[in-house]
Amino acid sequence: MKYVFGIDLGTTNSCIAIPNRDNTCTIVENITDRMQVTPSAVWINQRGRIVIGQRAYTCSNIRDVRKEFKRDMGTETVYDFPSAGVQK
């Protein structure tokens, strides 16, 4: 089975769409956040659980949330998540 889709890796949000035969696209909804886009945010909590999207974006523990990390894709940048004692 072959899947065709497009990914928008925006700095603030990301989105996935599937092309239709009539030259339109259907956006794949993020069912966890119930949004058509997923905020580009990662939170690793003190137990080491990785949370992405809206819950990470609105997390009040800003020490353990990383946003706009896509600017560093392809580099060797390492991010610190101090509460979990993790670097990624």
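Mentor: A charge is said to sit over a ring if NZ of Lys or CZ of Arg is within 6 Å of the ring centre and within 35 degrees of the ring normal. Please keep in mind that this is a predicted model.

Trainee: Which ring does the charged end of lysine 67 sit over?

Mentor: That ring belongs to tyrosine 57, and the charged end of lysine 67 is 4.2 Å from its centre.

Trainee: And what about arginine 66, which ring face does that one lie over?

Mentor: Arginine 66 lies over the face of phenylalanine 81, at 5.2 Å from the ring centre.

Trainee: How many aromatic pairs does the structure hold, then?

Mentor: The number of aromatic pairs is zero.

Trainee: Back to lysine 67. Which residue does it stand opposite?

Mentor: Lysine 67, in β7, has alanine 41 opposite it. Strand β5, residues 41-44, pairs with β7 over three bridges, in the antiparallel sense.

Trainee: What is the order of the strands in that open sheet?

Mentor: The three strands come in the order β6-β5-β7, with antiparallel pairing. At the edges are β6 (50-52) and β7 (65-67), each of which pairs on one side only. On average, neighbouring strands of this sheet are turned by 20° against each other, direction ignored.

Trainee: New topic: what joins β1 to β2?

Mentor: A hairpin does so, through three residues. Strand β1 (residues 6-9) and strand β2 (residues 13-19) are antiparallel and pair over four bridges. Within this pairing, leucine 9 stands opposite serine 14 of β2.

Trainee: How many bridges join β2 to β3?

Mentor: Three bridges join them, and β3 covers residues 25-27 and runs antiparallel to β2. Isoleucine 18 has threonine 26 in β3 as its bridge partner. The hairpin of β2 and β3 has five residues between the strands, and there asparagine 23 takes a positive phi near 65°.

Trainee: In which sense do β2 and β4 pair?

Mentor: They pair in the antiparallel sense, over two bridges. Asparagine 13 stands opposite proline 39 in β4.

Trainee: Where does threonine 38 lie?

Mentor: Threonine 38 lies in strand β4, residues 38-39. Leaving aside neighbours within four places in sequence, threonine 38 is in contact with Thr12, Asn13, Ser14, Asn30 and Gly53.

Trainee: What joins the side chains of threonine 38 and asparagine 30?

Mentor: Their side chains are joined by a polar contact of 2.8 Å.

Trainee: How far apart are threonine 38 and isoleucine 52?

Mentor: They are 14 residues apart in sequence and 8.2 Å apart in space, C-alpha to C-alpha.

Terms used. Residues numbered from 1 in each chain as written. Predicted model: local features only at pLDDT ≥ 70, side-chain atom pairs only at ≥ 80, totals over all residues. Heavy atoms only, no water. Pairing = 2+ DSSP bridges. Axes fitted to C-alpha atoms, helices over the stretch in contact; angles between N-to-C directions. Contact = heavy atoms within 4.5 Å. Polar contact = N/O pair within 3.5 Å; in protein donor to acceptor, adjacent residues only side chain to side chain. Phe/Tyr/Trp six-rings, centres within 6.5 Å; stacked < 30°, edge-to-face > 60°.
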